[in-house]
Amino acid sequence: MPVTRANAMSKENKKVAVIGAGIIGMAVASCLQRDGHDIFVVDPNEPGLGASFGNAGVFGTSSVAPMSMPGAIRQVPKWLSDPYGPLAVRWSYLPFIAGWLARYIAAGRPDRVERQARALRDMLGRAVDNLAPLVEAAEATAVFHRNGSLFIYRSAEGFAKDRQTWDLRARNGVQWEELDAAALRQFEPSLSSNCTYGILVRTNGHTSNPHALVTCLAQNLIKRGATIHRTAAIGFVLDGDRLRAIRTTQGEIPVDAAVVAAGAFSRPLSRQLGDRLPLETERGYHIMISDPEVRPKVPIADQEAKFVATPMDTGLRLAGTVELAGLNAPPNWERSRILLHQARGLFPALRDNYPEDRLSLWMGHRPSLPDSLPVIDRSKRSPDVFYAFGHGHVGMASSGMTGMVLADLIAGRRPTIDITPFRANRFA
Ligand SMILES: Cc1cc2nc3c(=O)[nH]c(=O)nc-3n(C[C@H](O)[C@H](O)[C@H](O)COP(=O)(O)OP(=O)(O)OC[C@H]3O[C@@H](n4cnc5c(N)ncnc54)[C@H](O)[C@@H]3O)c2cc1C
């Protein structure tokens, strides 16, 4: 294993271990490498096989509304009782997630929602522009699209019910165009005539292959001298509060600094450093149809059924749903199939049944904190270990800014955004 520090590094150029090769780890590593640091990534899997693999791929500059909104809790009984609903809970997991749920509900208080939205705006407002240089350097422009995304309601009344969310977005600088039934049909002829009201956010973007995007970032890192090692981080070697090495399942790796970017699996690592964080997983699913009957121009979010249909290079991806069941329970593939049922309401040309060889099903672990904000900070126990995890529903979109902030923190520069809302001690 290439673990020795061959040459003494200047204070500015550090050897940095990035723990986790999802979109967050790869964006952070890319920004650190751009600053001249020596990068060593560890992940037990190939890059991009975690939550970053099967998501809807939307770079949502408009995704500034936290998941817990005032009054949203009133919808929960309806969602849970509907087998096609967007939320499912494994009841046996409820005792384990009760504390997280209590914090989640508290995060929906109006004053907190305003604060969280401002923090999300800072993270996401320039999501597409922040990612673009990394994408260009990694020669991944073929899977990077800057042509907006569409939000669909069955009626203007459906939109009115969501008004508080759009007002919050407007207060945070999101701009959109409202499309009536005719304009909607003109923009996207494959939509059902039941969809009579649309919102087009032109500043949003998407990737047509999240896995390829992460892979390109990883390959570019290697091309420029980084090492990516297939091993899991299990801890840290500290000398006082200074980091000497990370411990992995294959031995110690001497480093000057480390970034924990292991997504939903980051909790045991941060706990070793004295930070007890309420990191949970909101499991999400997708179903993909290869050679689909419809190929929308841009990602389409069904705001009532709560899923996204994204045109991917390999087919139409229907992604969404939240299942609270922890990291270890086996997938419930019915959650994927429900998405196909829902999508037929959006695109009548889709079929009821497909041969299994045209479908692929996936489940992934969103890394979620109850206030819908990630943790981006130094650890309590060591100034050399940093956190970049917990990006929930917006990890693809917030990866560029996360990388920039981490590079600033490690260089001792002041980040361009206020990072107080992302502090690890906010749950203390
Ligand atoms: C259905 C669904 C749809 C979504 N749609 C969108 C969307 O449209 N737009 C958007 O912005 N976001 C979306 N998301 C959220 C987004 O996918 C996540 O926020 C993002 O992928 C998280 O990235 P990550 O790098 O933190 O985690 P991951 O991609 O899960 O990567 C973590 C990595 O850490 C590794 N790891 C774990 N433990 C260790 C260890 N001990 N040592 C070393 N490595 C370790 C794992 O193997 C993995 O590779 C969606 C998520 C889901 C589930």
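Me: How many salt bridges does the rule find across the interface of domain 1 and domain 2?

Reply: A salt bridge here is a side-chain nitrogen of Lys or Arg within 4 Å of a carboxyl oxygen of Asp or Glu. Across this interface the rule finds 0. Keep in mind that this is a predicted model, where local features need pLDDT of at least 70, side-chain atom pairs count only at pLDDT 80 or more, and totals for chains, interfaces and linings use all residues. Residues are numbered from 1 along each chain as its sequence is written, and side-chain values use heavy atoms, with hydrogens and water left out.

Me: Which segments make up domain 1 and domain 2?

Reply: The bounds come from an automatic or database domain assignment. Domain 1 takes 15–51 + 212–276 + 372–427, and domain 2 takes 63–112 + 147–205 + 279–368. Their C-alpha centres lie 29 Å apart.

Me: What area is buried between the two domains?

Reply: Buried area is the accessible area (1.4 Å probe) that two parts lose on being put together, summed over both. Here that comes to about 1,300 Å², with carbon and sulfur atoms giving 65%. On the domain 1 side, Ala-51, Ala-264 and His-393 supply 40% of the area buried against domain 2, more than any other three residues.

Me: How many residues of each domain are in contact with the other?

Reply: Contact means heavy atoms within 4.5 Å. By that rule, 15 residues of domain 1 are in contact with 15 residues of domain 2.

Me: And which residues does Leu-32 contact, leaving aside its neighbours within four places in sequence?

Reply: Leu-32 is in contact with several residues, including Val-16, Val-18, Ile-39, Val-259 and Leu-406.
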